[in-house]
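I opened the model to look up the annotated active site and then the residues around it.

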Amino acid sequence: MSPDRQYRSAVADHSENAGIRAMLDAQRSDFLKCGPPSAARRRDRIDRLILLLTENVDEFSEALCADFGNRPHVVSLISEVGGILPDLTLTRRRLERWMRPEHPTRLVSLLGVPTVVEKKPLGVVGVIGPWNFPVSLVAQPAASALAAGNRVMIKFSEVTPRAANLFAAKVARYFDPTELAVVIGGPDVGAAFSALPFDHIFFTGSPRVGALVASTAAKNLVPVTLELGGKNPAVVAHDGDVPAMARRIMAARLVNGGQVCLCPDYVFVPRDRLGVFVESALDGAREAATAYDGYGLVSLVDDMNFQRVATLIDDARRRGATVHDVGTPFDRPRRRIPPTVLVGVTGDMDIAHEEVFGPVLSVLPYDTVEEVCDYIAARPAPLAAYWYGKTGPSFDHFRERTTSGGITVNDFALHCAIIAGPFGGVGRSGWGAYHGKAGFDTFTHHRTVTKSRLPMSLARLITPPYPAVVRPAVSGYIRFERYRAMRRRKRRG
């Protein structure tokens, strides 16, 4: 059977709400019938997902290059497959350890109430993916959900249609639809998908769409994990190597053509080193740009995003910002914008508030770390923050005074790459976290199970007629805790 025919037979036409709901009902019915899967079954599902990615990486790369207009094979090789394999293999290796029930404290067992915390799968998880890394950012949360014992439905981004069709066809080859299934379609399908009564929804995308997903899911009381974005700040410390750090920051801005939720959107530079930073950043941008006709590597994904980024630059120029680029004109037919540095950005410019998602970096001068912290703290918390320089008292002040999903020092996105730690946003940049055990826990219900070996019933103690001992015993305990709190405060002065 051809991949296209397999895709049609397994995924069919999900433009109708009923078709998507039937898929959910089939997965939930099979989940309830079979119960929580064994560790061996979960490992097998992760292995099949790894094979789906590794055996078809070249096809995915070709599809994504066609969707973007230009996206080098190495970008897809790293970002869509190679970059997430460590997480999948770690999850597979530690799965049984994470599945084990936990005993919160041995003391309660000695007191006659042995307690255990079970790790139960939620049921059916919906994963809604973005267009900038459409394969990896659905495969990685899906792996965590499968490891936790769930069934998974994926809504693939319609902005990358070739990759969507290919991914759906490949999933149909490696998985039964009751295990893992793919839905494709436009915003109407996405709205219908987020309205389904899943047991959990995982969304990666913009804060605007994330708010709509959360609002829709709330009508069914479906919990939501949101991996969003924001305007990520970078700071070059006064003791930082400005030329070297400028090249690093500009390289970070150009990753995937700037179409990454972790890219730095703006950078604070010591006022007296502003010119050095701009020149060094442009030198680094020129080196990257010469690798592909003077524009950098990855094209903007579609005409709408090209026009949006171009409009942000024009608005900043019109309102007084100085625009520096590598000397290459806009290439509208191929959706390519030259690497650009903006100086003199002010609060009345759209680029000061909107996430860029393109090869444009705003450079802001500063005198003290205090003013940097005030600026960042007054705005929505970003997904990432970057510090370039030594980690002395100034960095400690920056870390304590600002809020972000994570911080990387002297590099780009390393806090996301360390899979042993949780990755996620805070506030407007996201809710919840995943990667490694954090991903397993996100899609797991931790159920407390307690037995009673007590000679009396708790219900009997708190319903009339009350035993005579209850009131003096509880009153005495309250007085004891009050006394301890007063002593602690007295010791602290």
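I count a contact when heavy atoms lie within 4.5 Å. Leaving aside neighbours within four places in sequence, I find C261 in contact with N132, L228, G229, N232, E355, F357 and L383.

I note that this is a predicted model, in which local features need pLDDT of at least 70 and side-chain atom pairs count only at pLDDT 80 or more, while totals for chains, interfaces and linings use all residues. Residues are numbered from 1 along each chain as its sequence is written, and side-chain values use heavy atoms, with hydrogens and water left out.

I looked up the UniProt record, an unreviewed entry, whose "active site" annotation covers E227 and C261; such annotations may be inferred rather than shown by experiment.

I then checked burial (buried is under 20% relative accessible area, exposed over 50%, partly exposed in between, with a 1.4 Å probe and protein chains only). E227 is buried at 3%, and C261 also counts as buried, at 16% relative accessibility.

For secondary structure I used DSSP runs (helices are H or I of at least four residues, strands E of at least two, numbered from the N terminus). E227 lies in strand β6, residues 224–227, whereas C261 lies in the loop between α12 (242–254) and β8 (264–270).

Not counting residues up to four places away in sequence, I listed the residues that E227 touches, among them F202, F203, T204, G205, F423 and Y434.
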